[in-house]
Amino acid sequence: MILLASNENPLGMPESARRAAAAALEGAGNYPDSNGTALKNALAARLDVPLDWLTLGCGSSEILELAAQVSLKPGEGVVYSQYGFVVYAQAAAHAHAKSTVVPARDFGHDLQAMRAAIGEDTRLVFVANPNNPTGTFLEAGPLLDFLQAVPTHVTVLLDEAYTEYLAPAQRYGSIEWVRRFPNLIVARTFSKAYGLAGMRIGYGVSQSALASRMNAQRPRFNVSSPAQAAALAALADEAFLARSYQLNMDGRAQLAAGLAELGLQTLPSSGNFLMVQVGDGQAICSRLMAAGIAVSTLDGYGVPQWLRITIGLPEQNRAVLAALRDAIGAR
């Protein structure tokens, strides 16, 4: 199978991380470092933040869940955008909170409407940048204006799972914003650009008051020793990250051009995937599956006529375009 359904890095795991994880297995009979000391030290140095601002998670999804656990009481409110990552709704449900889903603007976040949706009982707002599954991106200026407008008693979780794929002109200083806003949590992951999806490791950055509450809630040994070792190695592997970025930029252009030649509409994406309108998403997905290619349907997001396709290696992109040409011709 060509796996283009889950926004994984087509390069796979960096060799540096593979070696580090294998070495860590020698001590797998012991519990992992519950504080993730070595990785936190490296992250603190890279991000220039205090150690006690960091929370390690089993992927960044656990950071989203922890943010809900420490911010919400049953019946309180969560605000997030239509087409927001599915885990936002799950985290709200697990906290027995009320979700307010704000209609999207051009498939992306309508920040003004989201600010207006914050009510007296709202305690948490999820914002993804770039957003999954749409790939939409929020410029720094409007996003900063939004953070300044959110009441200080409302936590904002800025989900940056795909931030390493942003073009240089798009990048902004969200870690500096954490210094300004004690109600801000920035969540990032090693699952995407760093190629460690199967290791399940991510992290949150927030001021110590929020971070201490999340660390008090997280399971003590939530990140395995091989995952910590792999993340530490991947963080230092700048050549692999640069290669992943360039491969994605080239592949995204390749896939977008090919889809346009097929007459298919795609949304502009700042992630490592494209959202494409194909008509009957389930039928086209099934035909691609029969051809040995897995992509993601979007029925759960209310857009069953669209698919999300992860950017692959050049030959994988060519294969999905050829299979799509056949699948569309069979409609």
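## Close-up views of a predicted model

**View 1. Thr 55 and its surroundings.** Setting aside neighbours within four places in sequence, Thr 55 is in contact (heavy atoms within 4.5 Å) with Ile 63, Leu 66, Gly 202, Tyr 203, Gly 204, Ala 211, Met 214, Asn 215 and Arg 218. This is a predicted model, where local features need pLDDT of at least 70 and side-chain atom pairs count only at pLDDT 80 or more, while totals for chains, interfaces and linings use all residues. Residues are numbered from 1 along each chain as its sequence is written, and side-chain values use heavy atoms, with hydrogens and water left out. Thr 55 belongs to strand E2; helices (H or I, at least four residues) and strands (E, at least two) are DSSP runs, numbered from the N terminus. With 0% relative accessibility, Thr 55 counts as buried; on this scale buried is under 20% relative accessible area, exposed is over 50%, and partly exposed is in between (1.4 Å probe, protein chains only). Its side chain joins that of Asn 215 through a polar contact of 3.4 Å. Such a contact is a pair of N or O atoms within 3.5 Å; within protein, one must be able to donate a hydrogen and the other to accept it, and residues adjacent in sequence count only if both atoms are side-chain atoms.

View 2. The peptide bond leading from Asn 129 into Pro 130 is cis, with omega near -5°. Pro 133 sits in the loop between E5 and H6, and the bond joining Asn 132 to Pro 133 is cis with omega of about 20°. Look next at Thr 134, found in the loop between E5 and H6 and buried at 0% relative accessibility. The side chain of Thr 134 reaches the backbone oxygen of Phe 107 at 3.3 Å and makes a polar contact of 2.9 Å with the side chain of Thr 136. Beyond four places in sequence, the contacts of Thr 134 are Tyr 83, Phe 107, Leu 267, Pro 268, Phe 273 and Met 275.

View 3. Asn 7 is not a glycine, yet its phi is positive at about 60°. You will find Asn 7 in the loop between strand E1 (2-3) and helix H1 (15-24), buried with a relative accessible area of 1%. Asp 48, also not a glycine, has a positive phi of about 60°. Asp 48 lies in the loop between helix H2 (37-47) and strand E2 (54-57) and counts as exposed at 56% relative accessibility.

View 4. Is Lys 192 buried or exposed? At 14% relative accessibility, Lys 192 counts as buried. Apart from neighbours within four places in sequence, Lys 192 is in contact with Ser 6, Asn 7, Asn 9, Ala 161, Tyr 162 and Tyr 165.

**View 5. Aromatic rings.** The whole structure holds 11 aromatic pairs. Rings of Phe, Tyr and Trp (its six-membered ring) pair if their centres lie within 6.5 Å; planes under 30 degrees apart count as stacked, over 60 as edge-to-face and the rest as tilted. Phe 190 and Tyr 203 form a tilted pair, 5.8 Å centre to centre with 50° between the planes. Phe 190 lies in the loop between E7 and E8 and Tyr 203 in strand E8, so this pair ties together parts 13 residues apart in sequence. Phe 190 is buried at 1% relative accessible area, and Tyr 203 is buried at 5%. Elsewhere, ring pairs link Tyr 80, Phe 85, Tyr 88 and Phe 126 into a cluster.

**View 6. Arg 171 over Tyr 245.** Arg 171 lies over the face of Tyr 245, at 5.3 Å from the ring centre. A charge sits over a ring if NZ of Lys or CZ of Arg is within 6 Å of the ring centre and within 35 degrees of the ring normal.
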